[in-house]
Amino acid sequence: MDENKEKEKTPADERRDALLYRPENGYDRLPKEEEGAVQAYGEAYKKFLDAGKTERECAAYTVALAEARGFRPYARGQALSAGDKVYVANRGKAVMLAVVGSRGLEDGVNICAAHIDSPRLDLKPNPLYEDSELAFLKTHYYGGLRKYQWVTIPLELRGVVALKSGETVRVNIGGDPGDPRFTVDDLLPHLGGDQAKKPLAEGITGEQLNLLVGSRPFPGDKGTDRVKLAVLDILNRKYGIVEEDFISAELSAVPAFQATDIGVDRSLIGAYGHDDRVCAYAALAALLELDTPARTAVCVLADKEEIGSMGVTGMQSQAFDTFLADLCESKQVPLRTCLENSFCLSADVTAAYDPNFPEVYEKRNSARVNYGVGLCKYTGSRGKGGASDASAEVVGFARRTLDKNGVIWQMAELGKVDQGGGGTVALYMANRNIDTLDAGVPVLSMHAPFETVGKLDCYMTYKACKAVYQSEE
Ligand code: MN
Ligand code: MN
């Protein structure tokens, strides 16, 4: 093609360039010098995923990473100066971290809030039983999951058991190489005719999500429940627990998959728990790299988002207000002044447009894999029910801030208007009188045991968080 001819633009072309919004694939916009950083970030993120499959594990790994970067536990009343790096771990299940800025807290703080709990199968308080000489653990699913996806995959058992003695025992079966794993069984197709006629949501029910944990009877015995007894015997030898101890336990069956590259081009990452550890890692990694920002930067990694952000470790908890009030008190600044001048990026995943299911998406307003971090003005369902709906000015601020910092971003809406919906922690931050905008990584197969994201989008979410922390506006 004649190069000169290509460069000749018609008046219409010029107007097109000036007027039309035409998002491009992020790989067409990514500067060459950033390609290495995208890859390196993906490797570090995969480690973060494998180290934390529950909120407790993720919180512990977060604290370890933060301590290694000079963060220290914050004690109420402690004097703070610019550049100080502090954190508070809330009951081992949520973490709040701050890098103190050079400006006063009356100017507000820049917050990135994500969540570190993910859908999974929790054990019931009285879970262990034997049927037909097979031992199972009854589960109660946590979060909005599609039950049929959780059968016939390898699962691990993670969590804690609080003994009557006051001691808490950590349980991890399946996480170490050579460990046994667990599974939930399903019907064979030969006998699945009736099941196959049911609606997908009813094919597997909550009470069928029973974890297979053993089959070998206690030796040399003719009594009942010999398989159950043998399972308890093994658990007792390993962890010192008895059956009643399940009552004060938090044990979860989580997918046994390790995070892995997906695609021959290695452009994607498949793993359990991208929602929302992909944004949690972005918010954390960006904070750990800060020196002394202008405004104080705050990273919140919350628990319980998947079941409504309730409870002492959820985003509705006063734990966040207490943390911020403590920081404010050390500077004699009223909390309400700080809150009204703050900004929060509610960093949570969004649905990526999936060409296999075009009927549920509205293509003009869906986030696409590799188009960068997805900004979401509102979440909710139907008529924006349950959304905090960020103002035009707040979205304008985000556009400006991201563009200024070379962040590749896109707009995102979850799906067709009346198709469904969802929520994040955004409304709980906005309710506190903090300007809040949702933004996050587009995910394929969200809430499945194995979710998929694009590496470029992960990296751009990290860059977006960093831009927010460093914003001086
Ligand atoms: Mn989420
Ligand atoms: Mn979710």
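In the predicted model, Lys93 forms a salt bridge with Glu250, with 2.8 Å between the closest N and O atoms; a salt bridge is a side-chain nitrogen of Lys or Arg within 4 Å of a carboxyl oxygen of Asp or Glu. Local features require pLDDT of at least 70 and side-chain atom pairs pLDDT 80 or more, whereas totals for chains, interfaces and linings use all residues. Residues are numbered from 1 along each chain as its sequence is written, and side-chain values use heavy atoms, without hydrogens and water.

The domain assignment (automatic or from a database) divides the chain into domain 1 (26-118 + 272-470) and domain 2 (120-255). To their contact (heavy atoms within 4.5 Å), domain 1 contributes 17 residues and domain 2 contributes 15 residues. About 1,400 Å² is buried between domain 1 and domain 2, 49% of it from carbon and sulfur atoms; buried area is the accessible area (1.4 Å probe) that two parts lose on being put together, summed over both. Lys53, His447 and Pro449 lose the most area on the domain 1 side, together 34% of what that side buries. Five salt bridges are found across the interface of domain 1 and domain 2.

An open sheet of five strands, with mixed pairing, has the order E11-E12-E22-E21-E15. Strands are DSSP runs (E, at least two residues) numbered from the N terminus, and two strands pair if DSSP finds at least two bridges between them. Strand E12 (residues 268-271) runs antiparallel to strand E22 (residues 451-454), joined by four bridges; Gly270 has Thr452 in E22 as its bridge partner.

Conventions: Chains are lettered from A and ligands numbered from 1 in the order in which they are written.
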